[in-house]
Amino acid sequence: MHGGEPAGPASPWRAPLTWRILLVAARVLTAPVCRLRVTGALPAALRSGPAILAANHIGPFDPVAITAACRVMRIAPRLMATGGLFRAPVVGSVMRAAGHIRVNRRQADVADALAHVTDALAGCALVLGYPEGRITLDPGMWPERGKTGLARVALRTGAPVVPVAQWGAHEVMAWGGAGAMFATLLRSLFRRPVVRVHFGLPVDLSDLNEATPGAAQRATDRIIDAITAELKPLRPDEPRLPRYIDYRRPVSLQRRHR
């Protein structure tokens, strides 16, 4: 199998060696800069797929934190990642070798990613994606209104959707600029902020039919609601605004979730 663009696999997907090495590396690399706390569980029936893990996205470091959390959980999901990573030298080759799925956002072929996710699920893989489609710009860093892509795949395939909430990775690495990112990462070597990742219970979408108008949006709202519900206990002392605010980070209310 050639990562990112499967052609309907017929047998259960097994994580390539490249991805298994990266999972271990993420767990090793997170230890010096944060204290990772992984909670929740993934039912045994879902651990080998097919299932969709839907996570909130709060900063540039949280994909590393979630990868490390997956290592702790002993799972190896295929990641949905922006096409820019696949176009980058070296990184793109690694992403393809690891079997991840390319998402060309704001391009004509963006819908192709959904076919690749469908194929991945047909091969009994776990797939991890961000239903918001970007790092949240909500001032409180709560999940934004989601895109419907993952929900449409879930309704079409019947694959369970597991909400994954994470908090704290925004303190490890700042939003923008190489200098700011490096400075905050260096500071994290001394502060080691707590990063929490929680795997919740599957979202009930059983009453929704893909052919019904509006079903994909209702499913998306349920997924975002579930992620939000799992996120609340991770930040009990920060109910409205985060304690740590990166003033370089842009904010917007345009896609605030209800």
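Reply: Helices (H or I, at least four residues) and strands (E, at least two) are DSSP runs, numbered from the N terminus. This is a predicted model, where local features need pLDDT of at least 70, side-chain atom pairs count only at pLDDT 80 or more, and totals for chains, interfaces and linings use all residues. Residues are numbered from 1 along each chain as its sequence is written, and side-chain values use heavy atoms, with hydrogens and water left out.

Me: OK, what stands opposite Leu79?

Reply: Leu128 in strand 5. Strand 3 and strand 5 run parallel and are joined by two bridges.

Me: And how many bridges link strand 3 and strand 4?

Reply: Three, again in the parallel sense, with strand 4 covering residues 101-103. Ala81 stands opposite Arg102 of strand 4.

Me: Why is strand 3 largely enclosed by the rest of the structure?

Reply: Because four of its five residues, 78-82, are buried. Buried means under 20% relative accessible area, exposed is over 50%, and partly exposed is in between (1.4 Å probe, protein chains only).

Me: Switching to the backbone. Which residues does the cis peptide bond join?

Reply: Gly49 and Pro50, with omega about 0°. Pro50 is in the loop between strand 1 (35-40) and strand 2 (51-55).

Me: What about phi at Cys124?

Reply: Positive, about 65°, although Cys124 is not a glycine. Cys124 lies in the loop between helix 5 (112-122) and strand 5 (126-129), and is partly exposed at 30% relative accessible area.

Me: And Met141, what's its phi?

Reply: Met141 has a positive phi of about 65° and is not a glycine either. You'll find Met141 in the loop between strand 5 and helix 6 (149-157).

Me: Is Met141 buried or exposed?

Reply: Buried, with 3% relative accessibility.

Me: Where does the charged end of Arg235 sit, then?

Reply: Over the ring of Trp142, 3.9 Å from its centre, and also over the ring of Trp167, 4.1 Å from that centre. A charge sits over a ring if NZ of Lys or CZ of Arg is within 6 Å of the ring centre and within 35 degrees of the ring normal.

Notes
Two strands pair if DSSP finds at least two bridges between them.
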